[in-house]
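Hello,

Here is the structure I promised to pass on. My notes follow below it.

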Amino acid sequence: MNAPIIDPLQGDFPEVIEEYLEHGCMKCIAFNRRGTLLAAGCNDGSCVIWDFETRGIAKELRDNECSSPITSVCWSKCGNRILVSAADKSLLLWDVMSGKRITRIVLQQTPLQARLHPGSSKPSLCLACPLSCAPMIVDLYTGNTTLLKVSIMEISNNGPTPASRNRCADGITSFSPTAACFSKYGNLVYVGNSKGEILVINHIDGEVRAMVPIPGGSVVKNIVFSRNGQYLLTNSNDRIIRIYENLLPLKDEVRALDDLNGNLNDLNGVEKLKALGSKCLILFREFQDSITKVHWKAPCFSGDGEWVVGGSASKGEHKIYIWDRVGHLVKILEGPKEALIDLAWHPVRPIIVSVSLNGIVYIWAKDYTENWSAFAPDFKELEENEEYVEREDEFDLIPETEKVKGSDVNEDDEVDIVTVEKDPAFSDSDMSQEELCFLPATPSCDAPEQPDKFIESSSKLVDSNNSGSPFSEEAGPNEHTMNHNSSPVEDDAGGTRIKRKRKPSEKLLELQAEKIKTPLKSSKSSKSKSKSLVDEDMGNDFYGDELSDE
């Protein structure tokens with residue numbers, strides 16, 4: 001068997017913690033479409049936007065009416081809008097460039113997740129998944145809400161079946177949260193309910209167009225599409241992550257469903273919906289930890305859809321599992337002893353960003369090793385020193401062994417330096433509005449330096465030392481000793497006067513002891529010596545004269 005071909009450890013995925021971001025207590029994160037900006041919802045109701053290139057805060061969105069923890073953040077396709085859902089049952093739409101709130105809507109239930117419609121540069125619709133209610137389509141400008149169906153009521157000969165666990169008898173209140181997401185262009189909504197079913201709904205008329213039963217029938221906790229829209233991921237309560245392949249065309253999904261519906265006229269009811277579901281999604285792969293049987297938190301795809309990542313929901317551990325799309329577990333990233341609450345993969349780079357329970361954002365990146373051959377292809381790394389024997393013509397001006405090769409490039413051809421080639425990762429960027437990739441940096445004022453409380457004290461210390469120095473003509477030995485042993489210092493700090501004594505140095509104490517033991521000389525010689533020392537310090541040229549007088 002050719003091991004290098006099937007070895008999944010050769011992929012480009014994160015390996016180590018490169019850096020961490022800290023600002024308040026962050027709860028949820030989301031990248032913009034290009035991966036240049038990272039939005040993080042905080043516990044105090046604010047939303048912080050990080051410049052992911054410089055790892056600095058570019059803008060902070062804060063509303064006075066919202067002080068509850070943020071439950072989810074979502075970017076618009078062009079990056080000019082951010083939708084924030086909070087624990088106080090509110091939805092806030094922000095203008096990123098100006099930092100102003102566009103609208104605020106209060107729902108009946110706390111939204112656990114909210115997603116903007118991906119098909120518009122300035123979306124007015126969003127999909128909200130409340131805590132104890134069916135998913136709903138919310139018009140952000142009018143406030144109108146439309147509940148989506150979360151179950152199929154089967155009609156039998158004996159009457160209707162019992163109500164689904166998602167709803168009570170009134171059809172409004174549900175017992176368990178329901179996961180939902182838009183398709184790539186927002187034409188359909190995929191809903192995962194508590195009966196282990198994926199419902200394909202046309203959100204315009206609210207009709208269920210297809211149904212895909214999930215093996216095991218466990219509650220669906222998460223449902224998300226890959227970036228290219230070709231794969232759908234579900235996270236169920238049976239601790240299994242499932243990947244489905246999307247069989248519908250990306251842009252004409254509704255028309256394709258109408259055509260399939262016309263070809264299945266011989267079926268009715270639930271059987272017809274299941275038959276349509278088999279034409280929409282097909283189970284591609286399943287992922288689980290067969291040993292520890294852990295629950296998964298915030299599973300998602302990598303930017304190119306080649307990798308699947310899921311965080312461990314166990315308390316007290318920060319583990320991230322990475323699989324390739326074939327199903328091999330390629331890496332387990334182990335972080336600090338803090339529970340993981342959210343994670344996101346960078347849209348175009350092998351970087352994972354995770355959020356811990358303490359509100360710290362960790363950035364996982366690939367552990368790159370220096371390879372000098374990338375700069376010089378003929379560079380050879382040596383394990384140990386080797387003796388090099390130079391060629392005879394190596395340093396000649398025109399080596400005989402070197403052959404000049406003619407260039408194959410036609411220098412007469414015109415070079416196009418105006419046309420910008422499209423990135424294949426963003427081939428669908430056909431929006432009329434310019435995309436927001438970076439935010440202008442706002443210079444922040446430096447914190448004012450606190451005035452030193454002891455500047456005045458130090459100046460007074462100098463004055464007191466000079467007044468009691470041995471170079472003063474008026475001060476006697478007794479006065480000199482008294483001044484240095486007890487020199488009161490008065491500091492004005494905050495309106496209070498504090499008296500402080502300066503501790504004399506060891507050298508000064510030695511000098512004082514020697515002066516007490518040594519008998520005093522005549523006043524004339526002491527005065528002449530002190531005068532000569534003072535003149536020397538002041539730069540006067542009297543030192544020789546004093547010696548001559550003496």
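Which residues form a positive surface patch? They are Lys-221, Arg-239, Lys-293 and Lys-297.

First, the ground rules. This is a predicted model, where local features need pLDDT of at least 70, side-chain atom pairs count only at pLDDT 80 or more, and totals for chains, interfaces and linings use all residues. Residues are numbered from 1 along each chain as its sequence is written, and side-chain values use heavy atoms, with hydrogens and water left out.

**Surface patches**

A patch takes residues with over 30% relative accessible area and no salt bridge, joining like charges within 9 Å and nonpolar side chains (Val, Leu, Ile, Met, Phe, Trp, Tyr) within 5 Å. A salt bridge here is a side-chain nitrogen of Lys or Arg within 4 Å of a carboxyl oxygen of Asp or Glu. Areas come from the Shrake-Rupley method with a 1.4 Å probe, and for residues only the protein chains shown count as cover. Lys and Arg count as positive, Asp and Glu as negative; His and the chain ends are not counted. Each charge is placed at NZ of Lys, CZ of Arg, CG of Asp or CD of Glu.

Buried means under 20% relative accessible area, exposed over 50%, and partly exposed in between (1.4 Å probe, protein chains only). Helices (H or I, at least four residues) and strands (E, at least two) are DSSP runs, numbered from the N terminus.

Lys-297 sits in strand S24, residues 296–301. Its relative accessible area is 35%, so Lys-297 is partly exposed. Lys-293 is in the loop between strand S23 (281–287) and S24. Lys-293 is partly exposed, at 38%. Lys-293 also has a positive phi of about 55°, yet is not a glycine. Ala-298, in strand S24, has a positive phi near 50° and is not a glycine either. Ala-298 is buried, at 17%.

Glu-381, Glu-383, Glu-384 and Glu-386 form a negative patch. Glu-384 is in the loop between strand S30 (361–365) and helix H4 (455–467). Glu-384 is exposed, at 60%.

Trp-372, Phe-375 and Phe-379 make a nonpolar patch, with about 400 Å² of accessible area together. Phe-379 lies in the loop between S30 and H4. Phe-379 is partly exposed, at 42%.

**Cores**

A nonpolar core is a set of buried Ala, Val, Leu, Ile, Met, Phe, Trp, Tyr and Cys residues joined through side-chain atoms within 4.5 Å. The largest has 22 residues; among those touching the most other members are Tyr-190, Ile-223 and Leu-248. Elements supplying at least two residues each include strand S18 (197–202) and helix H3 (269–280). A second, separate core has 20 residues, including Ala-58 and Val-96.

Best wishes
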